[in-house]
Amino acid sequence: MAPWDGVPWTFDVVGRVWPSSEKILPEASLLAFSQFQQRRIVEVFENHEDMAYECVRWARWMTKTGNLHVLCIKCARHAWSYGAVTKWNHKQKRYRPVIGNRRWRCLTAAAHRANLDVKDRGPACRVRTGCGAQFCDTSDTPLLQANLPIGLVLAAAYYSSATVERLLVQCGEKAKALELRTLVQQLQKQTDRTIWKKVRRYSRLFCGYILLHECPDIRVRSGGKQFVVGNWKREAARQHHLASVHQNAKQRLRKRYQQVETVLRQLEQVDQSRLQGQVIDSDRRCELVRRLTAVTRKVKHALSDRALLAA
């Protein structure tokens, strides 16, 4: 089971499937490893930047329905991806892409029309009316100016900043340890505190997967993988049940709309007969109106969350 295979990892799903570090690799066991093993774990956290940035992206913009809906940080309108973030490499003396960190653009009306013209699409397409802002996955957060791998930040959210700092110091990375401490403090003090809360939740996904699947030479807690697999099987069964519930609700809703159409046609025939001067049965018309009201209520019930859960 790999997290990056199209599974909609929402905030709630991550919480139900991926446990805290105590179930996989407790903090005491981590600190008891040899220096070689500790360095190995730090390197693995650092080298999976694509996964780390994706977890940050999900933490910021994943909806409850499992769709990634990136919103502009200025006008809160839908933004579009247009490449990777680049950063100046002092050794190579040129800009290099930051693996995993995506750039986003909030399209203005003019830019969107030009894009539609290039793709030869008609004016029927809905034109975007964004502000034109450009940003990346870490914009408007302290992570934007970070000079250390984002995977270490997620590790600090999974364990604690002090624990990861201790690992870095023992591995001879004191400068990284100091920067990590400052970065975590800034995230915790940020005005929008939900970001740190979500980053902590998605750190379970990132660090749990790394420890279970990318560190075969590191001995994790016995039963940790089985615990996660069991959680995933229960979650998969839950998702299957919800899909069945929604499908049944859609079928009931379609049936209700067909009933509405039938009653409306009958009511229209009665009213047309009345306009043509024919004598109509007023009781019959009142009955049709009552039936239409009753069916409309059933449509409203079919759209309610209670109906979906009780299906």
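Author: Here is a quick tour, from the whole chain to single residues.

Author: The model is predicted, so to speak plainly: local features need pLDDT of at least 70, side-chain atom pairs count only at pLDDT 80 or more, and totals for chains, interfaces and linings use all residues. Residues are numbered from 1 along each chain as its sequence is written, and side-chain values use heavy atoms, with hydrogens and water left out.

Reader: What does the secondary structure of the chain come to?
Author: 13 helices and three strands. Both are DSSP runs numbered from the N terminus: helices are H or I with at least four residues, strands are E with at least two.

Reader: How much of the chain is buried?
Author: Buried residues are 37% of the 311 residues. Buried means under 20% relative accessible area, exposed over 50%, and partly exposed in between (1.4 Å probe, protein chains only).

Reader: Switching to helices. At what angle do α11 and α12 pack?
Author: About 160°, with the axes 9 Å apart. Helix α11 covers residues 224–275 and α12 covers residues 282–303. Axes are lines fitted to C-alpha atoms, for helices over the stretch in contact, and angles run from 0 to 180 degrees between N-to-C directions.

Reader: Roughly parallel or antiparallel?
Author: That angle makes α11 roughly antiparallel to α12. The cut-offs are under 35 degrees for roughly parallel, over 145 for roughly antiparallel, 65 to 115 for roughly perpendicular, and oblique for the rest.

Reader: Which residues meet there?
Author: From α11, they include Leu253, Tyr257, Val260 and Leu264. From α12, they include Leu288, Leu292, Val295 and Val299. Contact means heavy atoms within 4.5 Å.

Reader: Glu235 next. Buried or exposed?
Author: Glu235 counts as buried, at 2% relative accessibility. Glu235 sits in helix α11.

Reader: What does Glu235 touch?
Author: Val13, Arg16 and Val17, not counting residues up to four places away in sequence.

Reader: Last topic, backbone. What is phi of Ala76?
Author: Near 65°, a positive value in a residue other than glycine. Most residues other than glycine have a negative phi. Ala76 is in the loop between α5 (49–61) and β1 (80–89).

Reader: And where is Asp140?
Author: In the loop between β3 (134–136) and α7 (150–158). Asp140 has a positive phi of about 65°, and at 54% relative accessibility Asp140 counts as exposed.
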